[in-house]
Amino acid sequence: MRYLMAVIDTHTNSGNPDEMQAIDAFNEGLQANGHWVMAAGIMGPDRSVVVDNRGGEPLVTNGPLHPTSEYMSGFWIVEVADHETAVRLATAGSKACNRKVEVRPFIER
């Protein structure tokens, strides 16, 4: 099963050197244990664009869909056997990056 583990923060690229070292070690563990699919940091919501092309003309709006003080600043995608493993990895990831981590399963078809 694949899961998205979203890092929740109030800033983008806010990790200090100790946190970055812990994140690198966490990433290496994910890779060594076969859970790694990918990971990335993403720009803040001030760099987002919302596109709605459901009608006759596309509507393009600068900024986030839902303004909020906390937002996804990065993510991991992991491959795991079960939900408990995803939560266990998210717990370790939260410790490594010193941020909240939201866990969501991918829709499987």
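Which residue forms a salt bridge with Glu70? The partner is Lys100, and the closest N and O atoms of the two are 3.0 Å apart. That pair opens the set of close-ups below. The model is predicted, so please keep its thresholds in mind: local features need pLDDT of at least 70, side-chain atom pairs count only at pLDDT 80 or more, and totals for chains, interfaces and linings use all residues. Residues are numbered from 1 along each chain as its sequence is written, and side-chain values use heavy atoms, with hydrogens and water left out.

**View 1. Glu70 and Lys100 join in a salt bridge.** Here a salt bridge is a side-chain nitrogen of Lys or Arg within 4 Å of a carboxyl oxygen of Asp or Glu. The Glu70–Lys100 salt bridge, with its 3.0 Å between the closest N and O atoms, links distant parts of the chain: Glu70 sits in the loop between strand 4 (59-62) and strand 5 (71-79), Lys100 belongs to strand 6, and 30 residues separate them. Helices (H or I, at least four residues) and strands (E, at least two) are DSSP runs, numbered from the N terminus. Glu70 is partly exposed at 34% relative accessibility; the scale is buried under 20% relative accessible area, exposed over 50% and partly exposed in between, with a 1.4 Å probe and protein chains only.

**View 2. Arg99 and Asp9 meet through their side chains.** The N to O distance in this salt bridge is 2.8 Å. Arg99 lies in the loop between helix 2 (83-97) and strand 6 (100-105), and Asp9 in strand 1 (residues 2-9), so the pair ties together parts that are 90 residues apart in sequence. Both ends are worth a look for their surroundings. Arg99 is buried at 15% relative accessibility, and Asp9 is buried too, with a relative accessible area of 10%.

**View 3. Arg54 pairs with Asp52.** The closest N and O atoms of this salt bridge are 2.7 Å apart. Arg54 is exposed, at 75% relative accessible area, whereas Asp52 is partly exposed, at 24%. In the whole structure, the search finds six salt bridges.

**View 4. Strand 1 pairs with strand 5 and with strand 6.** Six of the eight residues of strand 1 are buried, so the strand is largely enclosed by the rest of the structure. Strand 1 pairs with strand 5 in the antiparallel sense over eight bridges; two strands pair if DSSP finds at least two bridges between them. Look for Ala6, whose bridge partner in strand 5 is Phe75. Strand 1 and strand 6 are likewise antiparallel, over six bridges, and Leu4 stands opposite Arg104 in strand 6. In a regular strand, side chains alternate between the two faces of the sheet.

**View 5. Pro105 lies in strand 6.** This residue is partly exposed, at 48% relative accessibility. Leaving aside neighbours within four places in sequence, Pro105 is in contact (heavy atoms within 4.5 Å) with Arg2 and Tyr3. Glu79 is 26 residues from Pro105 in sequence, and their C-alpha atoms are 9.9 Å apart in space.

**View 6. The largest pocket has a volume of about 360 Å³.** On a 1 Å grid over the protein atoms alone, a cavity is a set of points where a 1.4 Å probe fits but cannot get out, while a pocket is an open set with protein on both sides within 12 Å along at least five of seven lines; lining residues have an atom within 4 Å of a point. Grid points are joined across faces, edges and corners, and a volume is the space filled by probe spheres set on the points. Of the 21 lining residues, Met20, Ile23, Gly41, Ser73 and Gly74 are the closest to the centre of the largest pocket. Strand 1, helix 1 (17-32), strand 2 (36-41) and strand 5 each supply at least two residues of this lining.

**View 7. The second largest pocket holds about 220 Å³ of space.**
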